[in-house]
Amino acid sequence: MASSDKATPEVLWAQRSSETEPEKNYVILTISVPDVPKESLKLDLKPTGLKFEGTSDTKKTTYLLDIEFFAEVDTENSKTHHTPANIQMILRKKELKEEYWPRLLKDKAKVHFLRTDFDKWVDEDEQNEAPEDDYLNQFGGGMGEDGGFGGIDFSKLGGGAGGMPGMEGIGAEGGDDDDDDEDDEDMPDLEEDDKAADKGKAKA
């Protein structure tokens, strides 16, 4: 049997951060290893780094990865999802900080196999407003112990059909912003109360 070629897989990464909520403080890793059977791969995740080895059935290539993280991760609260195309990981950062990691790896030197996952990347100052993608659904309902979606604030999504992302305003009682005018017409009492309160303030 011919020996397989060895290669370093492409790694995509993105991150979120939080100083107060661990489930919103994580790194997203996608390791591109197509057609590597789950039974034959070796994945060794430690607080300081990650080792991976697996052979692709179709490409006859053995993928090897050995990286050291910029900071430690909480291995017990990290999650892994294996697909025919890749290994997807949500790595909980050990230290709660509002600031992003400046890079994924401890070493400052750039490596050819590591790229920013722009599909999942959100700027540090915009992450609280950004709804999460569906990728968290693959990890058993998200990061939180309560099966949440890793920090989506559904109140900002406008109600909608049971709080599902992208489903706002669907159904007879949808929370679409377009309904605001109708809602105002249904609540004249509130408007009159507000006007009365304003008059009272003016007199005072």
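## A buried tryptophan to start with

At 7% relative accessibility, W13 counts as buried (buried means under 20% relative accessible area, exposed over 50%, and partly exposed in between, with a 1.4 Å probe and protein chains only). Before going on, here is some background: this is a predicted model, where local features need pLDDT of at least 70, side-chain atom pairs count only at pLDDT 80 or more, and totals for chains, interfaces and linings use all residues. Residues are numbered from 1 along each chain as its sequence is written, and side-chain values use heavy atoms, with hydrogens and water left out.

## Rings that meet

Let's look at the aromatic side chains. A pair of aromatic rings is described by the distance of the centres and the angle of the planes. Here, rings of Phe, Tyr and Trp (its six-membered ring) pair if their centres lie within 6.5 Å; planes under 30 degrees apart count as stacked, over 60 as edge-to-face and the rest as tilted. The count comes to three aromatic pairs. One of them joins W13 and W121, edge-to-face, with 5.5 Å centre to centre and 75° between the planes. This pair links distant parts of the chain: W13 sits in strand 2, W121 in the loop between strand 9 and helix 1, and they are 108 residues apart. (Helices, H or I with at least four residues, and strands, E with at least two, are DSSP runs numbered from the N terminus.)

W121 is partly exposed, with a relative accessible area of 24%. What kind of pair do Y100 and W121 form? They are edge-to-face too, at 5.6 Å centre to centre and 80° between the planes. Y100 lies in the loop between strand 8 and strand 9, 21 residues from W121. With 12% relative accessibility, Y100 is buried.

## Opposite charges

Now for the charged side chains. A salt bridge is a side-chain nitrogen of Lys or Arg within 4 Å of a carboxyl oxygen of Asp or Glu, and the count comes to six salt bridges. One of these is between E10 and R115, with the closest N and O atoms 2.6 Å apart. E10 is in the loop between strand 1 (5-7) and strand 2 (11-15), and R115 is in strand 9 (residues 114-116), so the pair ties together parts that are 105 residues apart in sequence. E10 is partly exposed at 31% relative accessibility, and R115 is partly exposed at 45%.

E72 and K94 make another salt bridge, with the closest N and O atoms 3.2 Å apart. E72 is in the loop between strand 6 (61-68) and strand 7 (73-82), while K94 is in the loop between strand 8 (86-93) and strand 9, 22 residues apart. E72 is partly exposed, at 36% relative accessibility. E21 also bridges to K24, where the closest N and O atoms are 3.1 Å apart. E21 has a relative accessible area of 28%, and K24 has 23%.

## A negative patch

Which residues form a negative surface patch? They are E19, E98, E99, D123, E124, D125 and E126. Patches are made of residues with over 30% relative accessible area and no salt bridge, like charges being joined within 9 Å and nonpolar side chains (Val, Leu, Ile, Met, Phe, Trp, Tyr) within 5 Å. D125 sits in the loop between strand 9 and helix 1 (180-186), and D125 is exposed, with a relative accessible area of 64%.

Terms used:
Areas by Shrake-Rupley, 256 points an atom, 1.4 Å probe, with all protein chains shown as cover. Lys, Arg positive; Asp, Glu negative; His and termini not counted. Charge placed at Lys NZ, Arg CZ, Asp CG, Glu CD.
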